[in-house]
Amino acid sequence: QVQLVESGGGLVQAGESLRLSCAASGRTFGDYVMGWFRQAPGKERTFVSRISRSGRTMGYADSVEGRFTVSRDNDKNMVYLQMNSLKPEDTAIYYCAASYSDSPPKYLYWGQGTQVTVSS
């Protein structure tokens with residue numbers, strides 16, 4: 001089992017950057033595929049990005065490809081989401097999630113979320 005805590009959200013203007021962090025507890029962090037999701041007001045939670053156990057393979061939603069970068073540090077039990085060129089439509093609560101399985105991932109563990117607000 002793993003516990004997840006996100007941080008780094010805030011209020012920024014369009015075009016600016018934010019870096020989200022997700023701290024994971026547990027000694028087997030490297031066994032988990034990690035994902036980032038977001039939920040905008042009145043909308044369903046959607047996939048943003050994922051990163052493999054080793055950190056060598058990443059995937060992104062089309063809407064963030066080229067602007068967001070996911071990374072992880074297995075020694076520190078951390079996963080990050082660097083968000084550049086932010087747009088108002090990126091406004092949402094961002095969640096990190098952990099999956100023990102890979103194909104396909106089944107995200108059973110979730111953080112509490114961190115709010116990102118992008119003003120125009």
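The text below covers secondary structure, overall dimensions, surface and charge, and then the disulfide.

The model is predicted. The protein chain has eleven strands and zero helices, so read from the N terminus its elements run β-β-β-β-β-β-β-β-β-β-β.

For 120 residues, a compact globule would have a radius of gyration near 14 Å; the value of 13 Å for the protein chain agrees with this. Along the principal axes, the C-alpha atoms fill a box of roughly 40 × 25 × 25 Å. Of the 120 residues, 42% are buried. Contacts between residues at least 6 apart in sequence include 56% that join residues at least 24 apart.

The protein chain exposes about 6400 Å², and carbon and sulfur atoms supply 48% of that area. Its side chains comprise 13 positive and 11 negative ones, with the centres of the two sets 4 Å apart.

The structure holds one disulfide, formed by C22 and C96. The link of C22 and C96 is right-handed. Its geometry is tabulated here.

| Disulfide | Quantity | Value |
|---|---|---|
| C22 and C96 | Distance between sulfur atoms | 1.9 Å |
| C22 and C96 | Angle about the S-S bond | 45° |

How values were computed:
Residues are numbered from 1 along each chain as its sequence is written. This is a predicted model: local features need pLDDT of at least 70, side-chain atom pairs count only at pLDDT 80 or more; totals for chains, interfaces and linings use all residues. Side-chain values use heavy atoms; hydrogens and water are left out. A disulfide is a pair of cysteine sulfur atoms within 2.5 Å. Helices (H or I, at least four residues) and strands (E, at least two) are DSSP runs, numbered from the N terminus. The radius of gyration is taken over C-alpha atoms; the globule rule is 2.2 Å times the number of residues to the power 0.38. Buried means under 20% relative accessible area, exposed over 50%, partly exposed in between (1.4 Å probe, protein chains only). Contact means heavy atoms within 4.5 Å. Accessible areas come from the Shrake-Rupley method with a 1.4 Å probe; for residues, only the protein chains shown count as cover. Lys and Arg count as positive and Asp and Glu as negative; His and the chain ends are not counted. The place of a charge is taken as NZ of Lys, CZ of Arg, CG of Asp or CD of Glu.
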